[in-house]
Amino acid sequence: MKISTKGRYGLRAMVDLALKSVSDHVPLKSIAESQDISEGYLEHVFSTLKKAGLVKSIKGPQGGYILADKPSNTTVGAILRVLEGTLTIVDDKSEADGNNALENCIKLNVWDKIDSSINSIVDDITLEDLVDEYKKIENAEVDM
């Protein structure tokens with residue numbers, strides 16, 4: 001499994017949004033500038049996130065985006081699944097014969113366990129966790 005640019009940029013943008021949207025909507029341009037990501041590309045990413053119900057938008061001069069739920073209720077896994085699809089390392093369709101005992105043994109004892117571990121990790125990390133960790137790192141760098 002490899003996380004695409006869409007997933008990586010989308011996660012960065014969502015953390016940035018969680019940092020900035022404490023009291024008001026955040027213009028996409030602000031996120032694009034601070035993360036050095038094309039605004040056009042982010043429009044596509046946020047369209048997907050909005051359809052999935054992870055963000056809300058307001059049009060107009062005071063418009064922008066805001067998280068649809070509290071950062072503590074939004075997991076990295078939810079964001080990545082919206083932008084990437086299922087988080088599996090092996091496509092089930094790539095196995096030619098599902099009745100092969102050796103393939104089934106490897107699937108159950110290797111691929112499924114790796115998938116379970118990946119999903120457990122990304123589902124245990126929330127936007128709030130990432131915001132808190134970012135602030136710690138940022139403060140440590142300022143103190144140096």
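Modeller: Let us begin with a definition: a residue counts as exposed when its relative accessible area is over 50%, and as buried when that area is under 20%. Please keep in mind that this is a predicted model.

Colleague: Why is Asp36 called exposed?

Modeller: The relative accessibility of Asp36 is 71%. The cut-off for exposed is over 50%. Asp36 therefore counts as exposed.

Colleague: Where is Asp36 placed, and what makes its phi worth noting?

Modeller: Asp36 belongs to the loop between helix 2 and helix 3, and comes just after helix 2. Its phi is near 55°, a positive value in a residue other than glycine.

Colleague: What makes Lys51 and Ala101 exposed?

Modeller: The same cut-off, over 50%, applies. Lys51, a residue of helix 3, has a relative accessibility of 73%, so it counts as exposed. Ala101, which lies in helix 5, has a relative accessible area of 60% and is therefore exposed.

Colleague: How far are these two residues from partners elsewhere in the sequence?

Modeller: Lys51 and Val82 are 31 residues apart in sequence, and their C-alpha atoms are 9.3 Å apart in space. Ala101 and Gly60 are 41 residues apart along the chain, and 59 Å separates their C-alpha atoms.

Colleague: Let us turn to helix 2. Which of its residues are buried, and how do you know that they line one face?

Modeller: Leu28, Ile31 and Ala32 are buried in helix 2, which spans residues 28–35. Seen down the helix axis, these buried residues fall within an arc of 100°, so they line one face of the helix. They pack against helix 1, helix 3 and strand 2.

Colleague: Which residues does Gln35 touch?

Modeller: Gln35 is also found in helix 2. Leaving aside residues up to four places away in sequence, Gln35 touches Arg12 and Asp16. For a contact, heavy atoms must lie within 4.5 Å. Between Gln35 and Ile121, 86 residues apart in sequence, the C-alpha distance is 24 Å.

Colleague: Which residues of helix 4 are buried, and why are they said to be on the same side?

Modeller: The buried residues of helix 4 are Val76, Gly77, Ile79, Leu80 and Leu83. They cover an arc of only 160° around the axis, which puts them on the same side of helix 4. Their cover includes helix 1, helix 3, helix 5 and helix 6. After helix 4 comes Gly85, with a positive phi near 90°.

Colleague: How is the packing of two helices described?

Modeller: Two values are given: the angle between the axes and the distance between them. For helix 4 and helix 5, the axes come within 5 Å and cross at roughly 115°.

Colleague: Which residues meet there, and what is their make-up by class?

Modeller: Val76, Gly77, Ala78, Leu80 and Arg81 in helix 4 meet Asn119, Val122 and Asp123 in helix 5. By class, this contact has 4 nonpolar, 2 polar and 2 charged residues. Gly is counted among the polar residues.

Colleague: How many helices and strands does the whole protein have, and in what order do the elements run?

Modeller: The protein has 6 helices and 2 strands. From the N terminus on, the order is α-α-α-β-β-α-α-α.

Colleague: Why is the protein called more spread out than a compact globule?

Modeller: Its radius of gyration is 18 Å, whereas the globule rule gives 15 Å for 144 residues. The value is well over that of the rule, so the protein is more spread out than a compact globule. Along the principal axes, the C-alpha atoms fill a box of roughly 60 × 40 × 25 Å.

Colleague: What do burial and contacts come to for the protein as a whole?

Modeller: Buried residues make up 30% of the 144 residues. Of the contacts between residues at least 6 apart in sequence, 70% join residues at least 24 apart. The accessible surface comes to about 9000 Å², and 53% of that surface belongs to carbon and sulfur atoms.

How values were computed
Residues numbered from 1 in each chain as written. Predicted model: local features only at pLDDT ≥ 70, side-chain atom pairs only at ≥ 80, totals over all residues. Heavy atoms only, no water. Axes fitted to C-alpha atoms, helices over the stretch in contact; angles between N-to-C directions. Helix = DSSP H or I, 4+ residues; strand = E, 2+ residues; numbered from the N terminus. Rg over C-alpha atoms; globule rule 2.2 N^0.38 Å. Buried < 20%, exposed > 50% of the residue type's maximum accessible area, 1.4 Å probe, protein only. Areas by Shrake-Rupley, 256 points an atom, 1.4 Å probe, with all protein chains shown as cover. Arc of directions from axis to C-beta.
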